[in-house]
Amino acid sequence: MKWVTDKTAACLSQREPTGEQWIADLPDKVEAFLVGWGLTNPVPLPAGLAGIVIACTQGKGECVLKLALHEGALCREHQALDFWSSSHVPRIYETYPGAYLMERILPGNYWEGEDDEILPLLTMF
């Protein structure tokens with residue numbers, strides 16, 4: 001299966017000295033996470049320019065595996081999600097340097113709380 005879009009591959013190869021090697025190693029890394037974390041039904045999702053996102057299923061339900069070349073940036077992402085942890089933020093299930101597994105949020109969900117609860121959250125962004 002092709003895990004990296006052409007756009008992401010071009011960006012990583014041109015901007016990052018280790019980008020081509022990261023892309024070459026990706027099939028083995030993805031397989032290790034799929035097996036190690038018990039993930040099934042992997043489907044690549046559109047991603048940014050520095051990593052990949054894979055929708056999958058685990059015993060916890062639908063989730064997303066995210067891998068990135070820059071471990072530090074990815075670490076800060078999952079730390080931010082942990083910091084804002086609430087019923088309105090996707091849960092982080094697993095972490096590893098350069099990867100994390102999180103709850104999948106699907107479009108079409110709507111806010112079920114009171115308006116005065118969401119406004120402070122929206123102003124943080």
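**Basis**

This is a predicted model, in which local features need pLDDT of at least 70, side-chain atom pairs count only at pLDDT 80 or more, and totals for chains, interfaces and linings use all residues. Residues are numbered from 1 along each chain as its sequence is written, and side-chain values use heavy atoms, with hydrogens and water left out.

**Overall fold**

The protein chain has 4 helices and 5 strands. Both are DSSP runs, numbered from the N terminus: helices are H or I with at least four residues, strands are E with at least two. Along the sequence the pattern reads α-α-β-β-β-α-β-β-α.

Of the 125 residues in the protein chain, 33% are buried. Buried means under 20% relative accessible area, exposed means over 50%, and partly exposed lies in between, with a 1.4 Å probe and protein chains only. A contact means heavy atoms within 4.5 Å. Among contacts between residues at least 6 apart in sequence, 49% join residues at least 24 apart.

**Strand pairing**

Two strands count as paired if DSSP finds at least two bridges between them. Strand β1 covers residues 40–45 and pairs with β2 in the antiparallel sense, over 4 bridges. A hairpin through 5 residues joins β1 to β2. Val-43 has Ala-55 in β2 as its bridge partner.

Strand β2 also pairs with strand β3 (residues 61–68), again antiparallel, over 8 bridges. Gly-51 has Ala-68 in β3 as its bridge partner. For Val-53, the partner in β3 is Lys-66. Lys-66 in turn has Tyr-100 in β5 as a bridge partner. That belongs to the antiparallel pairing of β3 and β5, which runs over 5 bridges.

How many residues of strand β2 are buried? The count is 7 of the 8 residues in 51–58, so strand β2 is largely enclosed by the rest of the structure.

**Val-53 in detail**

Val-53 is found in strand β2. Its relative accessible area is 16%, so Val-53 counts as buried. Leaving out residues up to four places away in sequence, Val-53 touches Val-43, Pro-44, Leu-45, Ala-47, Val-64, Leu-65 and Lys-66. For Val-53 and Val-64, 11 residues apart along the chain, the C-alpha atoms are separated by 6.6 Å.

**Salt bridges**

A salt bridge here is a side-chain nitrogen of Lys or Arg within 4 Å of a carboxyl oxygen of Asp or Glu. The whole structure holds 4 salt bridges.

Arg-104 has 26% relative accessibility, so it counts as partly exposed. Glu-62 is partly exposed because its relative accessible area is 42%.

Arg-91 is partly exposed, because its relative accessibility is 48%.

Rolling a probe the size of a water molecule over the atoms shows where empty space is left. On a 1 Å grid over the protein atoms alone, a cavity is a set of points where a 1.4 Å probe fits but cannot get out, and lining residues have an atom within 4 Å of a point. Grid points are joined across faces, edges and corners, and a volume is the space filled by probe spheres set on the points.

The count comes to 1 cavity of 30 Å³ or more. The largest cavity has a volume of about 30 Å³. Which residues line the largest cavity? The lining is made up of Trp-3, Val-4, Thr-5, Thr-8, Leu-45, Ala-47, Gly-51 and Ile-52. These divide into 5 nonpolar, 3 polar and no charged residues. Nonpolar covers Ala, Val, Leu, Ile, Met, Phe, Trp, Tyr, Cys and Pro; charged covers Asp, Glu, Lys and Arg; the others, Gly among them, are polar.

Conventions. On a 1 Å grid over the protein atoms alone, a cavity is a set of points where a 1.4 Å probe fits but cannot get out, and a pocket is an open set with protein on both sides within 12 Å along at least five of seven lines; lining residues have an atom within 4 Å of a point.
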